[in-house]
Amino acid sequence: MIAFLDGTGFITSRSSMGADLSLLISIAAFVMLTVGVVLAKSKRYEAHRWVQTVAVVLNAVPVVIWMIRSFRLSILPDLPGNLGKSVEALTTVHAVAGLIGVVLGMFVIVRANQLEAKGQSLSRYKNLMRVASVAYLLATALGVWVYIAIYGWPRPTPCRLPTPRRR
Ligand code: HEM
């Protein structure tokens, strides 16, 4: 599994499979979280609970499998000395925002599903849900920034057409 994730990625020439899959999964989870917010605003709470539950779990997969390992191996050993360097500082701020998002997100979905089973209201967790949403927004935006800072912008591979023969 780790060998597969450490293998060559498909978005840029320098990225790994783990980084590319993490980027796509994080963006997909963030789109789902946004759809979930729209569902809550239109008072479709049952659909909102399901969508947010799936999105929070989906988001946690690359964090647990890829990002925490990557942070432990490449950032943590040189902290706090390297905090003056831009990529390390950016990744650390990203990791803190992400950790807050994941912990709050997990807490809210567990409580939401418990209270739903008892038929109770979740309105007392409204502010916590707002804080979690902001943390996810920040972590995703910073995560995309981290990706570009480490691997660069995706570039289309040059198309190699055969050179025309001279007559
Ligand atoms: C809401 C939670 C989070 C979201 C949405 C998120 C999103 C992202 C995204 C989109 C990337 C770029 C893709 C990549 O390079 O893997 C990334 C990279 C990274 N994230 Fe997160 N992240 C979250 C939480 C965390 C946490 C909790 C940590 C560490 C404790 C962390 C550490 C990292 C590291 C080290 C990288 C660079 C990985 C690499 O070397 O490729 N992230 N994150």
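Visitor: How many nonpolar, polar and charged residues does the shell around the ligand have?

Guide: By class, 17 are nonpolar, 10 are polar and none is charged. Ala, Val, Leu, Ile, Met, Phe, Trp, Tyr, Cys and Pro count as nonpolar; Asp, Glu, Lys and Arg count as charged; the others, Gly among them, count as polar. This is a predicted model: local features need pLDDT of at least 70, side-chain atom pairs count only at pLDDT 80 or more, and totals for chains, interfaces and linings use all residues. Residues are numbered from 1 along each chain as its sequence is written.

Visitor: What makes a residue part of that shell?

Guide: Its C-beta atom, placed from the backbone, must lie within 6 Å of the molecule. Here 27 residues surround the ligand, and the closest are Ala 19, Ser 22, Ala 95, Gly 98 and Gly 143. Two or more residues each come from α2 (17-41), α3 (45-74), α4 (86-118) and α5 (126-151). Helices are DSSP runs (H or I, at least four residues), numbered from the N terminus. α5 gives the largest share, eight residues.

Visitor: Why is Val 110 called exposed?

Guide: A residue is exposed if 12 or fewer other C-beta atoms, placed from the backbone, lie within 10 Å of its own; 20 or more make it buried, and in between it is partly exposed. Val 110 has 12, so it is exposed. Val 110 is found in helix α4. Its C-alpha atom is separated by 8.5 Å from that of Thr 53, 57 residues apart along the chain.

Visitor: Why is Lys 43 exposed?

Guide: Lys 43 has 7 other C-beta atoms within 10 Å, and is therefore exposed. Lys 43 lies in the loop between α2 and α3. Its phi is positive, about 60°, although Lys 43 is not a glycine.

Visitor: What joins Leu 79 and Pro 80?

Guide: A cis peptide bond, with omega about 0°. Pro 80 lies in the loop between α3 and α4.

Visitor: At what angle do α3 and α4 pack?

Guide: The angle is about 145°, and the axes are 10 Å apart. Axes are lines fitted to C-alpha atoms over the stretch in contact, and angles run from 0 to 180 degrees between N-to-C directions. Residues in the contact include Thr 53 and Val 56 of α3, and Gly 98 and Val 102 of α4. Two residues are in contact if their C-beta atoms, placed from the backbone, lie within 7 Å. By class, the contact of α3 with α4 has nine nonpolar, five polar and two charged residues.
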